[in-house]
Amino acid sequence: MQDFLDNFANWESLLRVYPLLLQGLIYTVWLAVVALPLGILAGLAIAVLYSFKNRWVNIALLIYIDLFRSFPVVVLLILIFYGMPFLGLTLGSFTAAVLAIVLNNSGYYGEIFRAGILSVPHGQTEAARALGFKPLHVVFSIVLPQAIRNVLAPLASNSLELVKATPIAALVALPELLRSARVAQEQTYNPTPLMAAAVIFFVILYPFARWVARLERQALKAR
Amino acid sequence: MERIVEYYFNAEVIAGAFPQVLAGFRTTVIVSLLIIFCGTLFGLLLALLRCANLRPVNFIITAYVDVLRTLPQLVVIVFIYFGLPYLGPTLSPFATTVLALGMVLSAFSTEIFWSAIMALPRGQWDAASALGFSRLRTLVTIILPQAIRLAIPLLTNRAISISKGTALGTAVSLPETLGQAQSVMALVANPSPLTLAAAFYLTFFLPLVIASRWIEYRYSTGR
């Protein structure tokens, strides 16, 4: 037990490296705060475009969605970060990570919003049109509010997954929380920083994860 | 245009990289299948164990599920690979990736199976017990078949998204598709191997993504 504490909960090494971890946490939060709304907006745009039922546009959108859902997000990141510079387009590791996460999640969010819009009976659209609402107005004030309620569970779950994807930025040397913890581990020859990073991730994400689990259980019951 | 062909679709480079990236792809497929198999099976086992309603056991299972569902996958992988050796066992990159992602998937599938079992009406248990079925028999012949049916769409989505995490194995130098492509790319100073890797990922995951779309559709309309 003492051995375990010395290794994984060593206060001395924690005191030495906590500024590094704090810095890492700030990067992690920034990544999430920038990528989350962008991903949701991109997905929403895809789903709204899809709801206009233009055949060719919809085929293209489905291909886009499935393509980006098929790539592991790390692969996307490596392609963007190491592949683009050959075309003369060099992105910083932060921008590259945000771009990879947003592209990948736009596919997921697009599919979720699309399913949500499909779940709203068509009569709603027809009734609103008959009352003289304009097409965009119908989508945003009649269809979407109901659609979002129907897919709240997958929406929340995907948002959690998006935040959980941020540590991949460590692979392109962005000093976010996980990367900082690895650097700190190498400075202290001790896995305490790694443990600390895991605990920080857990403490921040756990309330969110509980909420998602509750929503999912309710959605399953409602079926 | 010429530059795009030279840097991303360079036939010579791709031909040279093919054997190594293919070997990586084999690793990706094996690791993914192991993760899906072990993770789902272990998850089902834990969900059944939870049905036994033993308090200390339930507490441990809930803690296991909560921790692994909340932590980012890359954090789990890095923790097992770089942190665990301080306690004793040093695992290979292969074993690390399978263990880490298998555990993550088992946590999700425990929750999915358990919620599916809970979502079934209580009356099913009562009716079976009135007919003289034992609890175990009720669980195996009446509850589980329905619960699994309810769980399948959620489970396929989760299994696919977690097995895509195999690419995260690069972080602990697992020689899978992405890692192999990156090492060839570093040698030839040309990112075409990444294009090849991307194509490999697509051939494996695109059919799965399309199949999951179909499964979701079938199971949501088939009742």
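Analyst: The account below turns from the setting to the individual pairs.

This is a predicted model, in which local features need pLDDT of at least 70 and side-chain atom pairs count only at pLDDT 80 or more, while totals for chains, interfaces and linings use all residues. Residues are numbered from 1 along each chain as its sequence is written, chains are lettered from A and ligands numbered from 1 in the order in which they are written, and side-chain values use heavy atoms, with hydrogens and water left out.

Chain A holds 10 helices and zero strands; helices (H or I, at least four residues) and strands (E, at least two) are DSSP runs numbered from the N terminus. The C-alpha atoms of chain A fill a box of roughly 70 × 50 × 25 Å along the principal axes. Of its 223 residues, 48% count as buried. Here buried means under 20% relative accessible area, exposed over 50%, and partly exposed in between, with a 1.4 Å probe and protein chains only.

Side chains of opposite charge can pair when their charged atoms come close. A salt bridge is a side-chain nitrogen of Lys or Arg within 4 Å of a carboxyl oxygen of Asp or Glu. Over all chains, the whole structure contains 11 salt bridges.

One of them joins A:Arg69 to A:Asp66, with the closest N and O atoms 3.2 Å apart. Both residues belong to helix α3 (residues 55-70) of chain A, where they stand three residues apart, about one turn of the helix. A:Arg69 and A:Asp66 are both buried.

Another pair is A:Glu161 with A:Lys164, whose side chains meet at 3.2 Å, N to O. These two are separated by about one helical turn because they lie three residues apart in helix α8 (residues 152-165) of chain A. A:Lys164 has a relative accessible area of 6% and is therefore buried.

A further salt bridge links A:Glu216 and B:Arg158, the closest N and O atoms being 4.0 Å apart. This pair crosses between chains, from helix α10 (residues 192-222) of chain A, which holds A:Glu216, to helix α7 (residues 135-163) of chain B, which holds B:Arg158. A:Glu216 has 28% relative accessibility, so this residue counts as partly exposed. B:Arg158, with a relative accessible area of 12%, is buried. Elsewhere, salt bridges that share partners join A:Asp66, A:Arg69, A:Glu111, A:Arg114 and B:Arg213 into one network.
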